[in-house]
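Please look over the sequence and the model before reading on. The notes below are meant for someone meeting this structure for the first time.

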Amino acid sequence: MAQKRTRKEKGEEINRRFEIIKNLMSSFVVGTAAIVAAVVFIPASPKAEIIKIESTIDLVAYQVTVTDEDNALDLSTLVVTLENQFEYYETPISLGENSGYFEQLEANTEYWLNIYGSKGFGQERLDSRMVRTRASVGGMILNVDKVQLDFETSYVVDVSINDPDQIYQSVTLYYGYAVEWEPDLPIQYSAVSVSSNREEIELFDIYTTEPFHIYLEGMTADGAELLDDIWVTPPFELYSSMYVERMNDDAVYFSIYGDMQPELEIAYQLNAYIGNILIKSVDVDIGENDYHDIVTGITGLSSGKTYRIEGIATYKNPITLRRESSVIYEEEITTLEDYNISYSVTPYDDYLEITITLRDPNHYFQVPSYEIYEIIDGQEMWLNSESSDFILNGDEKTVTFNVYIPVDTSYRLSIEVQNQTDFTIRHVIYDEIIE
């Protein structure tokens with residue numbers, strides 16, 4: 001027989017059930033929120049387009065472009081395929097613009113040309129077009145390969161001509177581009193004669209960052225005939241640079257020149273390694289200075305140590321729309337051994353007396369100097385500078401400057417010592433604006 005419960009026991013049971021239901025509901029809400037968040041943060045699909053597609057009796061040529069603004073794609077999965085019920089062909093491609101061809105195909109046969117890529121959930125078809133192999137007379141641009149040389153990019157144009165009845169007296173490949181600083185002028189074309197049915201023509205003199213035009217023209221008894229054409233986008237190049245501005249016993253400073261294209265949204269980073277161990281990393285914000293040099297540095301290093309310094313620019317590639325990183329500087333740098341600098345500044349009515357005392361066992365520094373700038377309406381105007389020789393006093397080097405200062409206006413004073421032959425060996429002792 002079931003035992004009869006008291007009113008208190010019944011109340012406790014009701015409370016226990018309520019707590020269980022509340023916990024279940026809380027878990028459901030948290031789980032639902034997590035699911036919603038996952039949906040919200042799934043990256044957008046990359047975008048792909050089949051720009052052009054051409055065919056002959058046994059060949060299909062294509063040009064495609066792929067962008068990936070959310071860095072969603074696994075780039076190793078990006079392919080172009082040509083397929084039908086009985087055949088399947090595949091070739092890997094990269095982000096941006098690609099051209100190529102499939103050959104030794106069946107005549108008079110329909111195929112699907114597809115672009116596939118995966119975001120981690122299996123291959124996703126990004127674009128697709130149907131094409132049919134067919135007999136044709138004329139010429140085709142099968143492919144344009146970019147060849148990166150040391151200081152420039154050349155282009156190899158693969159051309160196919162089919163002229164069994166010899167209706168073309170000549171076939172010529174033309175290429176040209178608009179002058180970037182005078183875009184309203186017509187394109188000036190260069191010409192290369194095509195002398196065989198299948199030919200690779202290398203173009204060296206393409207000096208533009210904008211898309212350029214290539215076309216094939218056949219000359220018949222009735223006049224010129226356009227056989228095929230293609231617009232090709234040059235690969236993106238980052239024009240940021242970096243070099244050592246100065247170094248001392250515990251820091252290395254760099255000048256960074258930023259690229260002038262604001263749409264790149266560039267972020268800079270300095271990394272210092274010993275071996276493969278990252279010792280220090282500094283994020284650099286160059287603000288709105290664009291191509292003006294910005295001096296920044298890695299401080300807090302150890303004296304007499306060799307570091308591998310790496311400068312990295314991360315930017316939005318305007319062709320692929322993807323965030324990419326490039327190493328713009330990499331070099332081993334050894335900081336200076338220990339030395340000791342002290343200074344004193346004694347103010348007088350219209351000048352400062354500055355004394356520098358230096359203990360420098362390795363004799364790094366031979367030239368002490370100062371510069372002074374007057375500040376008017378926020379702009380620095382150079383007033384004076386002076387350098388001198390040290391006076392040797394046992395193990396010490398000393399020098400004294402009398403620096404005349406502006407009256408009733410702000411000024412900037414910079415004091416430093418440097419090596420007389422290597423201008424990167426430099427220690428800035430003082431650099432301040434005095435109100």
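What follows is a short briefing, arranged by topic.

The model shown here is predicted. Its chain contains 1 helix and 29 strands, and of the 435 residues in that chain, 40% are buried.

**The chain as a whole**

- The accessible surface of the chain amounts to about 25,600 Å², and carbon and sulfur atoms account for 50% of that surface.

- Strand 10 is largely enclosed by the rest of the structure, because 6 of its 8 residues are buried.

**The sheet with the order 25-24-28-29**

- An open sheet of 4 strands, with antiparallel pairing, has the order 25-24-28-29.
- Strand 25 (379–387) and strand 29 (426–434) are the edge strands of this sheet, and each of them pairs on one side only.
- The twist in this sheet averages 15° from one strand to the next.
- Strand 24 (residues 367–376) and strand 25 run antiparallel and are joined by 8 bridges; in this pairing, Ile372 of strand 24 has Asn384 in strand 25 as its bridge partner.

**Salt bridges**

- The structure holds 16 salt bridges, and a few of them are described here.
- Lys52 and Asp228 form a salt bridge in which the closest N and O atoms are 2.8 Å apart; Lys52 belongs to strand 1 (residues 47–55) and Asp228 to strand 14, so that the pair links distant parts of the chain, 176 residues apart.
- Both partners of that bridge fall under the 20% limit for burial, since Lys52 has a relative accessibility of 14% and Asp228 has one of 6%.
- Arg198 and Glu103 meet through their side chains in a salt bridge with an N to O distance of 3.9 Å; Arg198 lies in strand 12 (residues 198–203) and Glu103 in strand 5, so the pair ties together parts that are 95 residues apart in sequence.
- Arg198 counts as partly exposed at 39% relative accessibility, and Glu103 is partly exposed with a relative accessible area of 39%.
- Arg412 forms a salt bridge with Asp431, where the closest N and O atoms are 2.8 Å apart; the residues lie in strand 28 and strand 29 respectively, 19 residues apart.
- In this pair Arg412 counts as buried, at 19% relative accessibility, whereas Asp431 counts as partly exposed, at 34%.
- A network of salt bridges links Glu245, Arg246, Glu416 and Arg426.

**Loop residues with a positive phi**

- Asn108 has a phi near 50°, which is a positive value in a residue other than glycine; Asn108 is found in the loop between strand 5 (96–103) and strand 6 (110–118), and it counts as partly exposed at 46% relative accessibility.
- Asp408 has a phi near 60°, likewise a positive value in a residue other than glycine; Asp408 sits in the loop between strand 27 (396–404) and strand 28 (411–418), and it counts as exposed at 80% relative accessibility.

**A nonpolar surface patch**

- Ile274, Ile277 and Ile279 make a nonpolar surface patch of about 260 Å².
- Ile279, one of these residues, is placed in strand 18 (residues 277–284) and counts as partly exposed at 41% relative accessibility.

Terms used. Residues are numbered from 1 along each chain as its sequence is written. This is a predicted model: local features need pLDDT of at least 70, side-chain atom pairs count only at pLDDT 80 or more; totals for chains, interfaces and linings use all residues. Side-chain values use heavy atoms; hydrogens and water are left out. Buried means under 20% relative accessible area, exposed over 50%, partly exposed in between (1.4 Å probe, protein chains only). Helices (H or I, at least four residues) and strands (E, at least two) are DSSP runs, numbered from the N terminus. Patches are made of residues with over 30% relative accessible area and no salt bridge: like charges are joined within 9 Å, nonpolar side chains (Val, Leu, Ile, Met, Phe, Trp, Tyr) within 5 Å. Accessible areas come from the Shrake-Rupley method with a 1.4 Å probe; for residues, only the protein chains shown count as cover. A salt bridge is a side-chain nitrogen of Lys or Arg within 4 Å of a carboxyl oxygen of Asp or Glu. Two strands pair if DSSP finds at least two bridges between them. Axes are lines fitted to C-alpha atoms, for helices over the stretch in contact, and angles run from 0 to 180 degrees between N-to-C directions.
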